[in-house]
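Subject: Structure handover and notes

Dear colleague,

Please find the structure below, handed over for your own work. I would be grateful if you read the notes after it alongside the coordinates.

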Amino acid sequence: MFSEQAAQRAHTLLSPPSTNNATFARVPVSSYTNSSQPFRLGERSFSRQYAHIYATRLLQMRPFLVSRAKQRWGGGVQVKKLCELQPGEKCCVVGTLFKAMPLQPSILREISEEHNLLPQPPRSKYIHPDDELVLEDELQRIRLEGDVDASRLVTGTVLAVLGSARDSGKFVVEDHCFAELAPQKPAPPLDTDRFVLLVSGLGLGGGGGESLLGTQLLVDVVTGQLGDEGEQCSAAHVSRVILAGNLLSHNTQSRDSINKAKYLTKKTQAASVEAVRMLDEILLQLSASVPVDVMPGEFDPTNYTLPQQPLHPCMFPLATAYSTLQLVTNPYQATIDGVRFLGTSGQNVSDIFRYSSMEDHLEILEWTLRVRHISPTAPDTLGCYPFYKTDPFIFLECPHVYFCGNTPEFGSKIFRGPEDQRVLLVAVPDFSTTQTACLVNLRSLACQPISFSGFGAEDEDLGGLGLGP
Amino acid sequence: MADQLYLENIDEFVTDQNKIVTYKWLSYTLGVHVNQAKQMLYDYVERKRKENSGAQLHVTYLVSGSLIQNGHSCHKVAVVREDKLEAVKSKLAVTASIHVYSIQKAMLKDSGPLFNTDYDILKSNLQNCSKFSAIHCAAAVPRASVESSSSEKFEQSNLQVSSETPANNELTTNGHSPPTSKQIFQQPKGIMGMFASKAASKTQDANKETKTETKEVTNVSSTGNKAPGKGNVMSNFFGKAAMNKLKVNLDSEQAVKEEKIVEQPPVSVTEPKLAAPTGLKKSSKKAEPVKMQQKEKKRGKRVELSDDETKETENMKKKRRRIKLPESDSSEDEVIPDSPGDYEAESPSPPPPSPPPEPVPKTEPEPPSVKSSSGEKRKRKRVLKSKTFVDEEGCI
């Protein structure tokens, strides 16, 4: 691991100065390919309806689900469409799930005059015991009952259910299955330790001074200024840094200038301007020393709908001078030194968190992998571009490292798939609150959290470090 | 001895100037490797404590290592006060590194000032921020200032930008910005060549001005066209001798663009001028689709206006005037064929009463104004005003 490797060199810094100080060369990029092309939008047209994305999603996922259903319930199981269903006959149906939730915010209900309702306050979860599941395929829809837990499923999931239709017009489910993991190409073995640093939620412009020191310490470790020779040597093995979203804090999104009178806000500058300037300086320091990939997040100045397009380079005049800086999309997919990375800035996971009973972000991440779709709730509750030809959020190939940013705490797990796929799931925590980043070792596919702290007046018992009694 | 100098330096910083001396601050100030700076700090602390045990020195250390937390081996990096150092060390399972982070006279209540010190010294050293660091990345080289290939790409994909000269290039809002950066960068060189006395500051001002002015007009697509065209023209103007003659239709627009990038006049004067032609520009810009055409036009105009040795200000003046009086274009068109010959004569002496009464008065004050940098601004203002007056009369 990073620490053990770092500790192997002798400590030299608590001694009088020596003239020869070691300089380490950063590990060169042996191979890097950016495969985020499906997430780049060229000419955008919003004149289409969202029904097309569901249609193409079902069309693409159907073959995967049929093969999984046959594997699970035997080759002889009958796969039928809803229009061919006979009452009482046991069969398997493949379709898209729709969850009818009474608590789901609905704009129509909000503005309806007959209800005279006040707008709903935002809640952390919108689930309710009365949620109902409906299965839709190309032509029809049918209510689901039985052995299926509505609280764990969300709208937009494509799945296969085994059961039979009843005279009442409902489908009683005995078992269900997902598309599970996509096929995975094995990663070529590496001979030296190489690390990729995952950080998310820098939260600049948020006004919290403590996290700024943490950010500076992070940059110093990666650029090799901090630490003893051993640590600097290990830091030289960090071949890439990925900033997974929310570089700006949500405080920069205040819309005061819209609500206040013009004469009060005339000379004020948007909070994001200063924050972006700070970000530019940080990116300059980082890209002068290591290749950086910057993904936009929920509070960053780019489009709102998924897939979010890269931040515009004109915002970073200092940092774009270096070719090591790469501005990428959210979600982001790339192959670094033979290891496939796929990740998002966390909007997909937090949206599923709101509409299901799953509590752990890492568990939700694993669930999206098993459903073979990055964000099934788009476009229902999460903004999405109206695709119509293909749904780019379907996993066509299984990644080796799958991460999501801006989770409340760090989490990492190795997940094994049915065809011996091995995926490292990483929940990258929000840096502005946890001061923690993730170091992924590409050789062993393990992840180590790395956290930073300063000291404050109240830290009498090392509470800030997490080392307290 | 040079070796012991650093001790005195640190002493001076800490005790006399009451500064917070972090290892990074020391590394930039003394120009040494970061590790050496850390060792220097440690050495200083040790010696000072040995000499004078009651020394008023507070030291903060950086400790890093791993410890088991929640089932993972977590790597921790922490800045701690001296009194907490041993406690933290004992909690870590593996200690990766310990070194002095900073020295200061007063006890720090929290780590905020440490960040401020580092931030300040970093701001002043942004361009070589990893000069003294222990890791050097071979791949991290700043892009060359002129990168035409990547600029072409910008037009096709919305991704890259070639804004190498950060302060100057803000014309990235449209796809035609690529050559702009090239031009703008070359212009300072050209301008510098032209004006012996002019300081680079003027150029900066002009560029900044360009920036702000261009910002106003960036929404006009052809603006981008103009800028590269103009830039090319400028470089051509400086480098080559003969150019083709081309009819100049929309002189005012081109002039505006050139003026924006090239000129050195006071901002106040140019802005009002630009406001008027901007409107004109916008309307007529749409009619001019091809960048090359504009480039050629500009080139033609340039050539016609002057030979290489003519001073730039003259051109600027001429352009400026054109902007001011777009309606005088037609007269200037006639003027153009005559001007090349006239120009050289014009500059030193009062111009002959040739068709362009306008260029004449313009060039007259130019040589004197160019020479004196101090009174220049004023002179130019004066010149312009009088020119306008003359022009209108002339026109009328």
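The notes below go from the interface to the salt bridges, a pair of helices and some points of the backbone.

This is a predicted model, in which local features need pLDDT of at least 70 and side-chain atom pairs count only at pLDDT 80 or more, while totals for chains, interfaces and linings use all residues. Residues are numbered from 1 along each chain as its sequence is written, chains are lettered from A and ligands numbered from 1 in the order in which they are written, and side-chain values use heavy atoms, with hydrogens and water left out.

Chain A brings 79 residues to the contact and chain B brings 74, where contact means heavy atoms within 4.5 Å. About 6600 Å² is buried between the two chains, with carbon and sulfur atoms giving 59% of that area; buried area is the accessible area (1.4 Å probe) that two parts lose on being put together, summed over both. Between chain A and chain B there are 20 residue pairs in polar contact, both residues at pLDDT 80 or more; a polar contact is a pair of N or O atoms within 3.5 Å, and within protein one must be able to donate a hydrogen and the other to accept it, while residues adjacent in sequence count only if both atoms are side-chain atoms. On the side of chain A that touches chain B, H4(A) gives the most, with nine residues, and helices and strands here are DSSP runs (H or I, at least four residues, for helices; E, at least two, for strands), numbered from the N terminus. That side of chain A has 40 nonpolar, 28 polar and 11 charged residues, with Ala, Val, Leu, Ile, Met, Phe, Trp, Tyr, Cys and Pro counted as nonpolar, Asp, Glu, Lys and Arg as charged, and the others, Gly among them, as polar.

Two salt bridges are found across the interface, the criterion being a side-chain nitrogen of Lys or Arg within 4 Å of a carboxyl oxygen of Asp or Glu. Lys123(B) and Glu281(A) form a salt bridge at 2.7 Å, N to O. Over all chains the structure holds 25 salt bridges, and one of them joins Glu419(A) to Arg68(A) at 3.1 Å, N to O. Because Glu419(A) lies in the loop between strands S16 and S17 of chain A and Arg68(A) in helix H2 of chain A, this pair ties together parts that are 351 residues apart in sequence.

Within chain A, the axes of helices H9 (residues 347–355) and H10 (residues 361–371) come within 10 Å and cross at roughly 105°, so H9(A) and H10(A) are roughly perpendicular to each other (65 to 115 degrees).

As for the backbone, the peptide bond from Asn330(A) to Pro331(A) is cis, as is the one from Ala378(A) to Pro379(A).

Best wishes

Methods. Axes fitted to C-alpha atoms, helices over the stretch in contact; angles between N-to-C directions. Parallel < 35°, antiparallel > 145°, perpendicular 65-115°, else oblique.
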